[in-house]
Amino acid sequence: DAATAATLDDGAEIDNTAVVAGLEITADDGTGISGSSFTSELGPLISITAATGNIAGTLANAKAGAVTITAAEGELDAVDVTALLDITATAGDAIFASSFVSEEGNLIITSGGDIVGSDFYAKLGTATFNDGTVTGQLDGNVVETFGAISVDATWINGSTFVSEDGSIDIAATAGDIVAGSATSKTSSVTATAFGNIDGLVVDAATDATLAATDAASSIIGVTVDAGGELLATAGYDIAGGTFWADNGATLRAGQDITGSAVDAANAGLTAGNDISGTTVDAATGSVGLTAGGDITGGSASSDFQSVTATAVGSIDGLTVDAAVNAVLTASGLTSSITGVTVDGGSVELDAGYDIVGGSIWSDTGATLTAGRDITGTVVDAAAAVLTAGFGITGAIVDASTGTIEVTATAGEIDGSEFSACQGISALAG
C-alpha cells in the first residue's frame, strides 16, 4: 500500500518476482536477479543490487523517486528502468539491450565492459557514461537528453547522441569513433579519439571540435556542421569529409589533407605533408592553405577577402578565386607552380624553381617570380611583372591599363607575346 516499503535480501537469486510498494524498495541479492519487476508509487528510491551475478530481464519503475541498479561483477541485460529522478546504473561486466528513462533527473551510467544496443533518455537532465573509468566500448546505443552528454569509452561505434539544450563530449580513449551522430541543438560538440574518427556526423549549434590524437590516427569521411567555430585535428590524415562553419573552420593534419570540402566564413588548412583535391570556400573572410609538401588540385575561394597558398613543395593544378589578394608560394628550391588558375584583385606567384603554364587574371596587378624559368603562362592583368632566374618562354601577357616588366636574369625571352596600354620593358641575360 501507499505507506509500505519493501526489502528483499536473498543470498541466492531473485527470480520472477514482482514487487509493488508505496515507498522505498531495496532488493539486495548475492548471485543474480532475473525476470523480476519493482514498482514504487511514492518512494524516494528503488535500489537493486546483485553482488556477483547478472541482473537480467528486470523492470524498475520509481514513479516519484530515483533508481539505483547495480550488478557489481556481472551484466545488466535487457533491463528496463524508469524513474522520475536520477538513474544510476552500474555493471561490473557489461550493459546490453537495456532502456533507461528519467523524467526529471540525470543518468549516471558506469560499465566495466561494453555498453551495447541500449537506449538512454533524460527528458530534463544530463547523461554521463563511465566518468573517468573506461574499460569498454559503446556500440549501437541511442542517447537523448535535455542537458549535457559526456561519454568516456575505449571505442564508440554506431551510436546516436542528441542534446536539446546542452553540450556533447564523447571520447574514445583507446580506439576509434566510427559512424553514428552527435547533435547539440543549442551548444557545442566535442569528439576525441585516440584512434580514427570515421564517418561521424556532427551538428553543433555553436562550436564543433574533432581530434584524432595519435600520430597514426586520421579523420575520415566525417560530416560536420558548426554554428560557431569548427576545429578538426588529426595526428595523421584528414581524408574526405564535409565541413561547414558559420564562423571559422580550421583543419590540421600531421600528414595529408585529401579530398575534403570546407565551407565557412573563413578557413585555414595546415598539413604536415600534402593538401590535395580539397575544395575551400570562405563566405566573408580569408582562406589560408599551408603544406609541408605539395598542394595539388582542388580550389580555394574567398568572396570578400584574400587567398594564400603556401607549400614547401610544389603547387599543381590549384584553382584560386580571391576578391582581394591571391598569393601562391612554392618555397623549396626545387618547387614549382604548375597549371594553376588564379583570379584575384592582385596576384602574386613565387616559385623556388619554375612557373609552368596556368592562367592568371588580376584586377590590379600580377607579379610572377620564378627561381628558374617561366614557361607557357597566360597573364591578363592591369599591370604585370615577370621575373625569372633563367628564361621566359611562351608567355602571353596583356596589361589592360598599365605596364609590363619582363626580366630573364640569366637566360632568354623566347616565343612570348606582350601587350600593354602604357609600356613594355624587357630585359634578358
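In which strand is Ser111 found? Ser111 sits in strand β16, which covers residues 107–111. Strands here are DSSP runs of E with at least two residues, and helices are runs of H or I with at least four, both numbered from the N terminus. The model is predicted, so local features need pLDDT of at least 70 and side-chain atom pairs count only at pLDDT 80 or more, while totals for chains, interfaces and linings use all residues. Residues are numbered from 1 along each chain as its sequence is written, and side-chain values use heavy atoms, with hydrogens and water left out.

Ser111 is buried, with a relative accessible area of 1%. Buried means under 20% relative accessible area, exposed means over 50%, and partly exposed lies in between (1.4 Å probe, protein chains only). A polar atom of the Ser111 side chain lies 3.4 Å from the backbone oxygen of Asp114. A polar contact is a pair of N or O atoms within 3.5 Å; within protein, one must be able to donate a hydrogen and the other to accept it, and residues adjacent in sequence count only if both atoms are side-chain atoms. Leaving aside residues up to four places away in sequence, Ser111 touches Ala91, Asp93, Ala94, Ile95, Asn130 and Thr135. Contact means heavy atoms within 4.5 Å.

The whole structure was then searched for salt bridges, and three were found. A salt bridge is a side-chain nitrogen of Lys or Arg within 4 Å of a carboxyl oxygen of Asp or Glu. One of them joins the side chains of Lys63 and Glu41 at 3.3 Å, N to O. This pair links distant parts of the chain, 22 residues apart. Lys63 is in the loop between β9 (59–62) and β10 (66–71), and Glu41 is in the loop between β6 (37–40) and β7 (45–50). Lys63 is partly exposed at 42% relative accessibility. Glu41 is partly exposed at 36%.

Glu103 and Lys123 also meet through their side chains in a salt bridge, at 3.0 Å, N to O. Here the linked parts are 20 residues apart, with Glu103 in the loop between β15 (99–102) and β16, and Lys123 in the loop between β18 (119–122) and β19 (127–129). Glu103 is partly exposed at 30%, and Lys123 is partly exposed at 32%.

Glu164 and Lys185 form a salt bridge at 2.9 Å, N to O. Glu164 lies in the loop between β24 (160–163) and β25 (168–172) and Lys185 in the loop between β27 (181–184) and β28 (189–193), so the pair ties together parts that are 21 residues apart in sequence. Glu164 has a relative accessible area of 36% and is partly exposed. Lys185 is partly exposed at 47%.

Ala97 lies in the loop between β14 (94–96) and β15. Ala179 is in the loop between β26 (177–178) and β27, and is partly exposed at 34% relative accessibility.
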